[in-house]
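Student: Could you show me how to read pockets and helix packing?
Tutor: Gladly; let's look together.

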Amino acid sequence: MEHHQQPYEIDKNIGNLKGIAAALGNIGIIYEKMRNLEKALECFQKSYEIDKRLGNLTGMAAASDNIAGIYERKRDRKKALKYYHEAYEIYEGLGDLLRMA
């Protein structure tokens, strides 16, 4: 966790929002692997909001995909489907066929 927490703190101190969003995504993945789904979801949602403010569609799609995965693990298939669909739509708009699969 420290490995990803340090870049987050550095990016936060210098105001690098794109770096903060990326670090939050990485921290969320670690929380997910630790089975702390609430913390993971919190990180992914914060990452999504930052990427949305920045207009970073790729980051938004990745965060949506991660959020969907958390909801799927929580057996909330309705919310999972919503976020998977959002990620798909963004990737489709970007022409990212690999991530659409």
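Student: What volume does the largest pocket have?

Tutor: Rolling a probe the size of a water molecule over the atoms shows where empty space is left. Here the largest pocket has a volume of about 160 Å³ (the space filled by probe spheres set on the points, which are joined across faces, edges and corners). A pocket is an open set of points on a 1 Å grid over the protein atoms alone where a 1.4 Å probe fits, with protein on both sides within 12 Å along at least five of seven lines. This is a predicted model, with local features needing pLDDT of at least 70 and side-chain atom pairs pLDDT 80 or more, while totals for chains, interfaces and linings use all residues. Residues are numbered from 1 along each chain as its sequence is written, and side-chain values use heavy atoms, without hydrogens and water.

Student: Which residues lie nearest the centre of the largest pocket?

Tutor: Lining residues have an atom within 4 Å of a point. There are 14 of them, and A21, A22, G25, S47 and A62 lie nearest the centre. Helix α2 (17-33) gives the largest share of the lining, 6 residues; α2, α3 and α4 each supply at least two. Helices are DSSP runs of H or I, at least four residues, numbered from the N terminus.

Student: At what angle do α3 and α4 pack?

Tutor: Angles run from 0 to 180 degrees between N-to-C directions of axes fitted to C-alpha atoms over the stretch in contact (heavy atoms within 4.5 Å). Helices α3 (residues 37-54) and α4 (residues 57-73) pack at about 160 degrees, their axes 8 Å apart. That makes α3 roughly antiparallel to α4 (over 145 degrees). Among the contact residues are F44 and Y48 of α3 and I67 and I70 of α4.

Methods: Parallel < 35°, antiparallel > 145°, perpendicular 65-115°, else oblique.
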